[in-house]
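Subject: Structure handover

Hello,

Here is the structure you will be taking over. My notes on what was found in it follow below.

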Amino acid sequence: METKLELIRGATADDHPDGDHLYHALRAELSRAGCFEPTPARNVGYAVFILAAYTAAYATLLVGPGPLLRVLALATVAFVSVHAGYLAHEAGHGALTRDRRIAAWITQVFNTLLTALCASYFRHIHRRHHPHCNDRGRDPDMQSNSFSMYAESAQAKIGFGRQISRYQHVLIWILVWLQPFTLKIDSVRFLRANLRTTRVDQALVLLHIVMWFVVPTLVLGLPAALLNYAAMSLLTGPYLGTIFLVNHIGTRVIEPDDPSSFFSRQLSTTRNLGSSRLHDFFFGGLNNHIEHHLFPSIPTARLRAARPIVRAFCRRYGIVYREMSWFAAAREVTQHFRAMSALVPRA
């Protein structure tokens, strides 16, 4: 991970009288640099890589390989499942294609079919997250029955959630292994509550179940099928946690009546991580998270080019722009969780 820590200290975008003007000026600058141009060759290559790796690993598991090859195949499925989510996420933002029908099918195949994180559910929560990032009243990512991301949540915890929140600065890095299971369960609950509008999701979830439970049970037996799926899901958890825990947690919490602009909110609630090409691949471009949150329709392959432009723009106007190593971000996340733990009632 990159060790550089850069924090440009200055004003927020709301300190400028024309915050909206700054946002549009930055967008125009990025547009002139070609940052919104589509990347069809990269998209096709990336999709082929994901499908080929997933299929090869899945086929390997069906032949009942030895322990080492089995672990490698499971790790491969876990790894490319996250990348399937990256591609679906990009399609959902209109960064792959402007054709909504094609984008919808990409999200269904690469999210619902391959990972069982239903596209309709992810779209439901993610569309609320982006415009209300770190808003404690409106961002779904700020809500949890077990963890406390802000003071009011910590003070309101009861029962089992209170016990988890007391030690969340340690438990978060352990329980993140279970996140794939909770995402799948939440997806199914969403489908059950929206049966009429999620028929494609329902069909593809059933196909996912056939792929991972019916076929492997017929070939390998039920215990092996269950073990493979559980292990693959567990291996996906820490990868997801490595990526998503460090994007916003520990930054500014937005109050429900906060009057600040979209530009200011995204800059003050988001941090960037390493900027190497390896970081870009590992994090699916979301290491350039400031640029993604400001302009979600920028193709992932263009975020790398957009980053120095946004950084220079913020420096020019004295606006805070946060970049740090993954370890520095993880430390901030842990410190924030510890601070919230101290607010949890003891009785």
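A116 is buried, as its relative accessible area is 8% (buried means under 20% relative accessible area, exposed over 50%, and partly exposed in between, with a 1.4 Å probe and protein chains only). A116 sits in the loop between helix 4 and helix 5 (helices are DSSP runs of H or I with at least four residues, strands are runs of E with at least two, and both are numbered from the N terminus). Although A116 is not a glycine, its phi is positive, at about 70°.

Before going on: this is a predicted model, in which local features need pLDDT of at least 70 and side-chain atom pairs count only at pLDDT 80 or more, while totals for chains, interfaces and linings use all residues. Residues are numbered from 1 along each chain as its sequence is written, and side-chain values use heavy atoms, with hydrogens and water left out.

N134 also has a positive phi, of about 60°, without being a glycine. It belongs to the loop between helix 5 and helix 6 (151-156). N134 counts as buried because its relative accessible area is 4%.

The structure holds two cavities of 30 Å³ or more. On a 1 Å grid over the protein atoms alone, a cavity is a set of points where a 1.4 Å probe fits but cannot get out; a pocket is an open set with protein on both sides within 12 Å along at least five of seven lines; and lining residues have an atom within 4 Å of a point. Grid points are joined across faces, edges and corners, and a volume is the space filled by probe spheres set on the points.

The second largest cavity, with about 30 Å³ of space, has N134 in its lining, together with M142, M149, H248, I249, G250, T251, V253 and H336. Four of these lining residues are nonpolar, five are polar and none is charged (Ala, Val, Leu, Ile, Met, Phe, Trp, Tyr, Cys and Pro count as nonpolar, Asp, Glu, Lys and Arg as charged, and the others, Gly among them, as polar).

G250 and Q335 are 85 residues apart in sequence, with 7.6 Å between their C-alpha atoms. Q335 is part of helix 16 (residues 326-341) and is partly exposed, at 44% relative accessible area.

The largest cavity has a volume of about 50 Å³. Its lining includes H89, E90, H93 and L303, and helix 3 and helix 15 (300-316) each give two or more residues to that lining. By class, the lining has five nonpolar, four polar and one charged residue.

H93 is also one of the residues nearest the centre of the second largest pocket, along with A91, G92, R123 and R127. That pocket has a volume of about 470 Å³ and is lined by 20 residues. The lining comprises six nonpolar, nine polar and five charged residues.

L206 lies in helix 10 (residues 199-220) and counts as exposed because its relative accessibility is 54%.

Regards
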